[in-house]
Amino acid sequence: MAEVGKGVNAGKLASNVQKRITRAQEKVLQKLGKADETKDTAFEEEVAKFNKQLADGSKLQKDFKAYLAAVKTMHECSKRLQDCLAEMYDPEWFGKEEVDSIAEDTDLLWQDFHQNLVDNALISMDTYLAQFPDIKARIAKRERKLVDFDSARHHFASIQKGKKKDEAKIAKAEEDLGRAQKVFEEINYELQEELNTLWDSRVGLYVNTFQSVAGLEEKFHRDMGKLNQNLSDIMTKLDEQRLAKKGVTTASTGKSEEAANHNLSESGSDAPKSPAKNETPTVTNGSSDAELPPSVLYKVKALHDYGATDSDELDLKAGDIVLVLPFANPDDQDDGWLMGVKESHWLQNKNLLAKGVFPENFTQKL
């Protein structure tokens, strides 16, 4: 059995070698103009479109992978920047836990964005391009079968034109021609169908790729925008905390200077100094102006109760004193509304974090 198998393999090898020799001879004759070559203009146009489609798809894949690499680089840079902020942020500063949470959420958002791009665009692109090597190999096979067909056709014609008619050879050549023609026509028909289908599929790839990228980018930037807004709000409140502490320091310094001047005055004269002419003593309600942070514009007193209807509003009781503050963005101020913090909160906590908006017509300026 082994000898039989060995003989079959040797016979197949010899047949393949003979086919290559015959094809080479046929191509030489065609190039020399001694044998006509079957032309299929329509199929050649399909092959040209196939080559263009392969080049376009390969370029898209290459550029998309470069885009993914850039996303990964941006992720790494963003993470380093967020880590830097987390390391520098003092524990007693406002929103320390929120800053750490935003850093974690930002990192996860970048990871999800990159992975979704791979899952929704790159994988389908790789699957699309995986079709081309097999079809390219079959196009080359079709070319070989076309040469076989032309060679069989020329061989059959030469035998028919011979002076001595050998019916057996003619029958054998005709049979070989029919077999070569059938093989060629089958692969030719299959390829034409596949090439048309493949050419049309490129539109689906482009739609899927750029719809996925556009949708994922839109969602990513929307979610990232929310995180950035939260971080910006925390930075605003941190700055308010800094200004509040600065106001306390200024007030303490003012008190020390006032006490020193008072002691100096008492040591220099036994009689108290009367106020200057036309000078009116300052009357305050709860705290002196020197104790207020510099961002306070003025004070108002609530004339009526006001129940807050939203999380950004102040709940007021008649008689409450409110320190009026400027809006961070003047465009955010609605007509008839003010921004402020209750004086009682300021006196107790020495910060402006509990601020909110309230209707101006419920209050009276002091």
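Biologist: Why does glutamine 53 count as buried?

Modeller: This is a predicted model. In it, glutamine 53 has 2% relative accessibility. Buried means under 20%. The value falls under that cut-off, so glutamine 53 is buried.

Biologist: Where does glutamine 53 lie?

Modeller: In helix H2, which covers residues 41-88.

Biologist: Which residues is glutamine 53 in contact with, leaving aside its neighbours within four places in sequence?

Modeller: Tyr128, Phe132, Leu198, Trp199, Ser201 and Arg202.

Biologist: What makes the pairing of glutamine 53 with leucine 198 a polar contact?

Modeller: A polar atom of the glutamine 53 side chain lies 2.6 Å from the backbone oxygen of leucine 198. The cut-off is 3.5 Å, for N or O atoms that can donate and accept a hydrogen. The distance of 2.6 Å is within 3.5 Å.

Biologist: Why is cysteine 77 called partly exposed?

Modeller: Its relative accessibility is 35%. Buried needs under 20% and exposed needs over 50%. The value of 35% lies in between, so cysteine 77 is partly exposed.

Biologist: And what makes cysteine 84 partly exposed?

Modeller: Cysteine 84 has a relative accessible area of 35%. That also lies between 20% and 50%, so the label is partly exposed.

Biologist: How many disulfides does the structure hold?

Modeller: It holds 0. A disulfide needs two cysteine sulfur atoms within 2.5 Å.

Biologist: How many helices and strands are there in the protein?

Modeller: There are 6 helices and 5 strands. From the N terminus, the order is α-α-α-α-α-β-β-β-α-β-β.

Biologist: What share of the 366 residues is buried?

Modeller: Buried residues make up 31%.

Definitions and conventions
Residues are numbered from 1 along each chain as its sequence is written. This is a predicted model: local features need pLDDT of at least 70, side-chain atom pairs count only at pLDDT 80 or more; totals for chains, interfaces and linings use all residues. Side-chain values use heavy atoms; hydrogens and water are left out. Buried means under 20% relative accessible area, exposed over 50%, partly exposed in between (1.4 Å probe, protein chains only). Helices (H or I, at least four residues) and strands (E, at least two) are DSSP runs, numbered from the N terminus. Contact means heavy atoms within 4.5 Å.
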